[in-house]
Amino acid sequence: MSAGTGGGAAGTFAARALLSVAKISAFVGISGSVLNAALYDVDGGERAVIFDRLRGVLQTTSGEGTHLLVPLLQYPIIFDVRTRPRTISSATGTKDLQQVNLSLRVLARPMREKLPEIYKHYGQDYDERVLPSIGNEVLKATVAQFNADQLLTMREEVSANIRDTLTKRASEFNICLEDVALTHLSFSSEYSKAIEYKQVAQQEAERSKYVVLKADQERNAAIIRAEGESEAARLISEATRAAGPALLELRRIEAAKEVAHIMSRSRNISYLPQGANLFLGVSTATQ
């Protein structure tokens with residue numbers, strides 16, 4: 001009888017112990033779940049905006065690390081605040097009504113302190129909603145101020161104008177542009193051919209101008225040469241009248257000396273004394 005009573009008490013104690021362990025486990029599990037739901041992590045290069053079901057989007061942002069929130073009432077919206085590249089392409093017309101294709105590369109990031117406003121008005125894909133729109137707007141407005149040839153000759157000024165205008169326009173949407181660069185500019189095929197023909201025509205014009213200048217130089221040289229020859233003839237004539245035939249004889253002697261000097265250096269010419277018998281040692285028929 002006592003043995004049965006002891007066994008029943010032991011079983012009751014074991015059941016109570018198991019029930020207590022179960023309650024503790026349940027409490028720990030529920031507490032862990034609640035704590036896990038109340039914690040959220042923000043990775044490097046990110047910021048979190050908190051949405052409260054009672055108050056809406058809170059005006060504070062959370063930086064990197066682990067943070068607390070109210071489970072079921074609040075949840076975080078994670079934003080990537082690192083600078084990201086984006087290319088904007090546009091086809092527009094110039095001031096002289098030429099079609100031009102442009103590509104713009106921008107490095108953009110959201111203003112960290114304005115993330116709640118950005119989420120309220122544009123959502124997490126703010127860059128997809130804003131940048132293509134304002135990029136095309138600024139490109140069209142800026143290119144319309146220049147002629148087609150100015151886009152080539154004044155490219156730095158055009159790029160600076162686009163950068164300043166687009167940076168100012170993006171700041172109105174709480175977006176910071178780190179860099180703006182005009183990376184591609186091309187015209188329609190018809191205009192490109194017209195430019196090529198114009199360059200060829202300019203080269204031909206320059207070549208013709210060079211030919212004309214060359215002809216003028218040759219004509220001036222011929223005139224100067226003729227004037228020099230005329231002056232030389234005049235001086236010779238005056239010297240002849242002043243010196244008589246002696247000057248002509250002097251010139252003849254100088255010319256003969258020059259000819260003799262040239263001929264003396266030739267191997268194919270032999271000199272024979274005047275009046276000498278060329279057939280020395282040869283008997284004549286009369287002897």
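The legends below describe close-up views of a predicted model.

Local features are given at pLDDT of at least 70 and side-chain atom pairs only at pLDDT 80 or more, whereas totals for chains, interfaces and linings use all residues. Residues are numbered from 1 along each chain as its sequence is written, and side-chain values use heavy atoms, with hydrogens and water left out.

**View 1. The protein as a whole, with 7 helices and 8 strands.** Helices (H or I, at least four residues) and strands (E, at least two) are DSSP runs, numbered from the N terminus. Of the 287 residues, 22% count as buried; buried means under 20% relative accessible area, exposed over 50%, and partly exposed in between (1.4 Å probe, protein chains only). The protein exposes about 20,100 Å², of which carbon and sulfur atoms supply 57%; accessible areas come from the Shrake-Rupley method with a 1.4 Å probe, and for residues only the protein chains shown count as cover. Among contacts with a separation of 6 or more, 65% are between residues 24 or more positions apart, a contact being heavy atoms within 4.5 Å.

**View 2. The open sheet of 3 strands, in the order 6-7-8.** Pairing in the sheet is antiparallel; two strands pair if DSSP finds at least two bridges between them. Strand 6 (84-93) and strand 8 (175-187) are the edge strands, each pairing on one side only. From one strand to the next, the twist averages 20°. Strand 7 (residues 99-110) and strand 8 share 11 bridges in the antiparallel sense. Leucine 104 has leucine 182 of strand 8 as its bridge partner.

**View 3. Helix 3 and helix 5 against the sheet.** Helix 3 (residues 126-143) lies across strand 6, strand 7 and strand 8, and runs at about 40° to strand 6. Helix 5 (residues 155-171) also packs on the sheet, where it touches strand 7 and strand 8. The direction of helix 5 makes about 145° with that of strand 8. Axes are lines fitted to C-alpha atoms, for helices over the stretch in contact, and angles run from 0 to 180 degrees between N-to-C directions.

**View 4. Serine 90 in strand 6.** Serine 90 has a relative accessible area of 6% and is therefore buried. Its side chain makes a polar contact of 3.1 Å with the side chain of asparagine 136. A polar contact is a pair of N or O atoms within 3.5 Å; within protein, one must be able to donate a hydrogen and the other to accept it, and residues adjacent in sequence count only if both atoms are side-chain atoms. Leaving aside neighbours within four places in sequence, serine 90 is in contact with Val100, Asn101, Leu102, Asn136, Leu139 and Lys140.

**View 5. Strand 1 (residues 39-42) and its alternating side chains.** Strand 1 pairs with strand 4 (residues 65-68) in the antiparallel sense over 4 bridges. Opposite leucine 39 stands leucine 68 of strand 4.

**View 6. Aromatic pairs, of which the whole structure has 4.** A pair of aromatic rings is described by the distance of the centres and the angle of the planes. Rings of Phe, Tyr and Trp (its six-membered ring) pair if their centres lie within 6.5 Å; planes under 30 degrees apart count as stacked, over 60 as edge-to-face and the rest as tilted. Phenylalanine 79 and tyrosine 126 form a tilted pair, 6.5 Å centre to centre with 40° between the planes. Phenylalanine 79 lies in strand 5 (residues 74-80) and tyrosine 126 in helix 3, so this pair ties together parts 47 residues apart in sequence. Phenylalanine 79 is buried at a relative accessible area of 2%, and tyrosine 126 is buried at 4%. A second tilted pair joins tyrosine 122 and phenylalanine 173, at 5.8 Å centre to centre and 55° between the planes. Tyrosine 122 is in the loop between helix 2 (115-121) and helix 3, and phenylalanine 173 in the loop between helix 5 and strand 8, so the pair ties together parts 51 residues apart in sequence. Phenylalanine 173 counts as buried, at 18% relative accessibility. Ring pairs also link Phe79, Tyr119 and Tyr126 into a cluster.

**View 7. Leucine 97 and asparagine 174, with positive phi values.** Leucine 97, a residue other than glycine, has phi near 65°. It sits in the loop between strand 6 and strand 7 and counts as exposed at 77% relative accessibility. Asparagine 174 has a phi of about 65°, although it is not a glycine. Asparagine 174 is in the loop between helix 5 and strand 8 and counts as buried at 16% relative accessibility.
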